[in-house]
Amino acid sequence: MFDDIAPRYDFLNQLLSLGIHKGWRKKAIGLLQTKQPRTILDIATGTADFAIEAMRLKPDKVTGVDISAGMLKLGKEKIKKKGLENKIELTLADSENLPFVDNQFDAITVGFGVRNFEHLEKGISDMYRVLKPGGTMVILEFSKPRMFPVKQLYKIYFRYVTPFIVKLFSKNNAAYTYLPESVNAFPDGENFLNVLRKVGLKKASVILLSFGIASIYIAEK
């Protein structure tokens with residue numbers, strides 16, 4: 001599915017979010033500023049936007065992983081255009097079975113990826129495994145707004161506006177009907193914080209963005 005939508009992915013993200021997702025991403029990466037991580041792992045990196053944004057932190061290396069070869073191909077093209085091949089490495093890998101040794105990374109980021117894990121707790125556990133003691137995990141993910149009228153407008157936008165726009169620009173409608181379904185199924189807020197705590201992460205907290213449309217989760221090992 002993600003291979004199919006890869007060529008239109010960045011364009012549709014920009015269009016459907018009205019560009020707001022860029023500000024969310026900057027805020028999430030900014031939370032790592034004081035940590036000064038030297039090695040960063042970006043999970044479900046897609047077309048590498050999060051990995052590229054992480055270069056603001058001036059790390060020695062950013063490693064991005066994703067299960068979609070189509071997404072990674074576009075990500076590698078972006079990285080090459082920016083001259084960052086010596087700083088960012090993209091790898092085809094399953095986020096629930098990471099090909100890295102224990103305690104390898106200073107920080108781990110995920111942008112809109114954890115809700116796609118087939119087994120959420122298993123994926124978070126493997127991220128915990130490769131994070132160094134004292135390391136920080138920052139996860140940006142969609143959430144379900146609960147405030148009137150944002151909650152109602154959000155449902156209308158996802159249910160009617162999103163599919164209409166996607167039909168105009170993409171042949172794979174299933175990919176973007178999947179989006180609201182995956183958001184609805186994801187255990188956001190306190191429920192997700194409990195998953196982070198269960199695998200062993202400490203100081204788990206959440207920051208709501210844009211009236212609860214998205215959330216940033218931050219925790220430490």
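**Exercise 1: the sheet**

Strand 1 (residues 39-43) and strand 4 (residues 105-111) run parallel and are joined by four bridges. This is a predicted model, where local features need pLDDT of at least 70, side-chain atom pairs count only at pLDDT 80 or more, and totals for chains, interfaces and linings use all residues. Residues are numbered from 1 along each chain as its sequence is written, and side-chain values use heavy atoms, with hydrogens and water left out.

Solution: 
- Zoom out: seven strands make an open, mixed sheet in the order 3-2-1-4-5-7-6. Strands are DSSP runs (E, at least two residues), helices too (H or I, at least four), numbered from the N terminus, and two strands pair if DSSP finds at least two bridges between them.
- Strand 3 (88-92) and strand 6 (202-209) are the edges, each pairing on one side only.

**Exercise 2: the second largest pocket**

Task: work out which helix supplies the largest share of the lining of the second largest pocket.

Solution: 
- Helix 6 (150-169) and helix 7 (173-185) each supply at least two lining residues.
- By class, the lining splits into five nonpolar, two polar and five charged residues; here Ala, Val, Leu, Ile, Met, Phe, Trp, Tyr, Cys and Pro count as nonpolar, Asp, Glu, Lys and Arg as charged, and the others, Gly among them, as polar.
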